[in-house]
Structures are given as C-alpha cells and as structure tokens.
Amino acid sequence: MTSPIYFDNAATSWPKPESVYAAVDHYQRKIGAPAGRGGYQAALAAGQLIERARAGVARLIGANQPEQIVFTSNGTDALNLAIHGILRPGDHVVTTVCEHNSVLRPLRACAEDRNVSVTYVSCDNDGLVSAAEVQAALQPNTRLVAVLHGSNVTGAVQPIEKIGQAVHSHPAMFLVDAAQTVGHLPLDVQSLQIDLLAAPAHKGLLGPLGTGFLYIHPTVQQQLQPLRQGGTGSSSHEDRQPETLPDKFEAGNLNVPGLAGVAAACDFLQQRSVENIHAETGQLTTTLLNGLARLKPVRIYGPPAGTSRLSVVSFSVCGYDPQDISTLLDASFQIASRAGLHCAPRLHRALGTEEMGGTVRFSLSYANTKAEVESALEAMTSICATCTTEG
Ligand SMILES: Cc1ncc(COP(=O)(O)O)c(C=O)c1O
C-alpha cells in the first residue's frame with residue numbers, strides 16, 4: 001500500500017516541521033501557564049514564547065517592530081479585525097472578484113449594517129487583477145482597498161507592489177490578505193507599502209491550526225477599533241481597553257501552545273529560507289502543471305508554469321464533477337485534494353467554473369516530493385483514461 005499524499009496545503013499545511021510539534025509538546029508538558037498574567041517562572045516563560053513568535057513573524061514579513069503584529073485565531077479573524085475595525089458608515093471599499101469569503105463576507109456585512117459601498121475589480125482569464133483598474137475604482141470616500149496577495153484558487157500572485165503605489169496616491173488604506181503567500185513568498189510590508197496585512201500562521205508559515213496574525217502599520221493603528229475588549233494582564237486598574245499595541249487587540253488569553261509552534265515555525269523558515277522553499281515547490285508545481293497539461297480531458301486554471309504563481313493548481317476534468325474527481329483521488333489513490341468553490345464564489349463566476357461546481361485543487365508545501373507529484377500524475381492519467389471528451 002502506498003503512503004497517503006497530502007495536497008491540501010492551501011487549507012492548512014501538513015506535516016509541520018518536527019520542531020513545531022516539539023515546541024507545542026514542550027509548552028504543554030513543561031510550561032502550561034498563561035502568558036502576561038503572572039510573575040512566576042512558567043508564566044514568564046510563556047510570555048517569552050509569545051514574544052519569540054511575535055519577533056519571528058515581524059522578521060518574516062519585514063515589520064519594523066514586533067508589537068505591530070497582533071495574534072488572532074486564524075486568517076479570517078485577522079481579516080475581520082481589519083475590515084470591521086476600519087470601516088465607518090458611508091465608507092467605500094475597493095476589492096477584487098478574486099477574494100476569499102473571509103474578505104467578501106465581512107464586506108457584505110458592512111454593506112448591510114453600515115451602508116458601506118463596495119467596488120469589485122475584475123480579473124483576467126488567469127485570475128490576475130490590474131493595478132490600473134484598482135486605481136480607477138478609487139473614489140473620494142474610499143477608505144480601504146482590500147486585495148489578496150495570492151489566490152487560493154488559481155495560484156495567481158497579484159501585482160501588490162503596483163497596487164500599493166496606486167493606493168498611496170490616495171488617502172485610502174491598503175489591506176493585503178496574505179493567507180496564501182506568507183511563508184511561500186518573500187514579503188516585505190514596508191517596501192510594499194502595506195497598511196494592514198492579515199494572514200493565518202497555520203498555512204505556509206507552518207504553525208499549528210488556530211493561529212493567525214494581523215500586521216498593523218503605525219499610521220493606521222489609531223483608526224483601527226478593536227472588536228473585543230477584555231483582560232490583557234496590563235493596566236488592570238483601568239476598565240478602558242489599553243490603546244497600546246499589541247494589548248489593544250489581544251484581549252483574553254492567547255493560544256500559547258499554538259504560538260509556541262509559530263515561534264518554532266518562524267525559526268524553521270528562516271533556516272530553510274522562504275526563497276529556497278518557493279524555488280523548490282515552484283519546480284514541483286512546474287512538473288505538475290506540465291504533466292496535467294499533457295492530459296487532454298484536463299483544463300487548468302491560473303497562470304502558466306514558469307510565471308509568478310503559487311504552488312496552488314486548480315483544474316477540471318471534462319465531463320466530471322470536481323467532487324467526484326477528488327473523491328476518486330482519495331478513495332483509489334490516497335491523495336488528499338480539495339474540490340469546489342474554495343470559498344471564492346466571485347472568482348469562479350469570473351473564470352466560468354461556478355456552474356460546473358468549481359475546480360479540483362492540488363496545493364503543495366515544502367514537505368511534498370517529486371515522487372508524490374509523479375504519483376498524482378499517474379493517478380490523473382488513469383482517471384483520464386476513462387474520459388471520452390477533451391478538456
Ligand atoms: C485567500 C484566503 N484568505 C483567507 C483565508 C482564511 O484563512 P483561515 O482558514 O486561517 O481563516 C484563506 C483560507 O483558506 C484563504 O485561502
């Protein structure tokens with residue numbers, strides 16, 4: 001029997017590096033205390049773990065100060081904080097059709113509850129957005145431009161540097177959803193002129209599930225309202241939420257076991273280098289894309305091999321429901337893939353894949369191998385052998 005192949009890294013990465021498992025286990029067994037709420041040794045050690053995680057994330061994305069990173073429970077939580085915390089009644093937002101529901105749904109809620117208006121910039125056939133179109137959509141009352149860095153459907157990497165320049169010709173703030181790029185692509189929030197960057201720490205960053213963060217540029221900190229108030233272990237004599245970072249946005253106990261894993265994951269990424277991981281997974285992705293392209297019933301969505309793209313590969317197989325392909329891959333070949341709309345309904349409408357039930361998605365990580373890619377291609381070859389139509 002062959003070993004299972006995990007190709008659902010865009011949902012969450014697996015396996016994590018050994019050092020991440022060890023760090024979580026060490027915290028759970030040897031420390032166990034809450035952070036920031038006690039002066040005894042274990043509580044101080046828990047606090048140090050969090051600060052290591054904060055410094056590691058800041059280093060990874062080029063943030064000036066670790067305090068500019070606030071921890072959240074996932075990417076969705078970070079995006080909700082950014083969107084609900086910034087928008088006021090009557091504001092206008094520019095976003096794109098490529099966004100995940102973690103952006104689309106908070107915006108929809110703001111439109112319904114706060115009379116916020118939203119412009120959705122379209123994309124080309126590969127899922128790429130143009131910075132000029134984003135700029136053209138700006139209005140005098142645009143307060144936020146929310147754009148995903150890399151697509152969880154097409155793998156397209158958006159021109160966020162150009163978009164950042166366009167946004168900063170206007171007073172609007174620039175929010176980037178880096179769910180699919182943190183840990184996969186080198187990132188520098190300062191040169192990219194990003195005001196808010198939201199990301200999970202459990203995907204490319206390789207931390208445990210239930211971790212995420214929001215980077216907050218100092219110039220937007222005061223305008224961002226917390227969504228929760230509560231204990232921080234600081235300024236306890238006051239019943240007003242502290243205004244200082246990160247306490248303003250970190251009410252309640254943090255997920256210290258998860259953050260112990262995040263600290264270890266940041267060290268792992270620094271040692272292995274994000275550039276190298278991107279180059280290695282990029283080669284596997286090219287092999288995968290070229291192999292799939294040789295199968296006539298398969299149609300691939302997203303930028304071609306060799307261009308600026310992620311290791312996220314979406315495809316359809318002519319005549320088949322994507323869910324059936326994914327089930328077949330799992331049941332007959334032990335390959336974990338994902339099928340459906342991948343929480344990006346507007347993008348599927350733009351790509352013309354909504355009616356057929358979305359796409360099948362393979363998404364790779366540092367842990368995947370050439371042998372796994374070859375096995376997946378063999379599996380797809382035998383599935384396609386039963387097809388009568390072309391892609
Ligand atoms: C582009 C994008 N944004 C946001 C999210 C939400 O992240 P999380 O699952 O950590 O809430 C995802 C998750 O798949 C995503 O792919």
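Before you start clicking: the model is predicted, so local features need pLDDT of at least 70 and side-chain atom pairs count only at pLDDT 80 or more, while totals for chains, interfaces and linings use all residues. Residues are numbered from 1 along each chain as its sequence is written, and side-chain values use heavy atoms, with hydrogens and water left out.

**Stop 1: strand S2**

Select residues 69-72, which make up strand S2. Strands here are DSSP runs of E with at least two residues, and helices are runs of H or I with at least four, both numbered from the N terminus. Ile69 and Phe71 point one way, Val70 and Thr72 the other. In a regular strand, side chains alternate between the two faces of the sheet.

Strands pair if DSSP finds at least two bridges between them. For one of these, show Val70 with its bridge partner in S8, Leu214.

**Stop 2: two cysteines**

A disulfide needs two cysteine sulfur atoms within 2.5 Å, and the structure holds 0 of them. Both cysteines count as buried, Cys98 at 0% relative accessibility and Cys123 at 16%.

**Stop 3: the largest pocket**

Select Ala10, His100, Ser102, Gln180 and Lys203, the lining residues nearest the centre of the largest pocket. A pocket is an open set of points on a 1 Å grid over the protein atoms alone, with protein on both sides within 12 Å along at least five of seven lines; lining residues have an atom within 4 Å of a point. The volume is about 320 Å³, counted as the space filled by probe spheres set on the points, which are joined across faces, edges and corners.

Helix H3 (residues 75-86) gives the largest share of the lining, 3 residues. Color by domain, too: domain 1 (5-15 + 274-384) and domain 2 (18-272) both contribute lining residues, so this pocket lies between them. The domain bounds come from an automatic or database domain assignment.

**Stop 4: the second largest pocket**

Finally, go to Gly36, Arg54, Thr232, Asp247 and Glu250, nearest the centre of the second largest pocket, which is lined by 14 residues. About 230 Å³ of space lies there.

Conventions:
Buried < 20%, exposed > 50% of the residue type's maximum accessible area, 1.4 Å probe, protein only. 1 Å grid on protein atoms, 1.4 Å probe; cavity = no way out; pocket = protein on both sides within 12 Å on 5 of 7 lines; lining within 4 Å.
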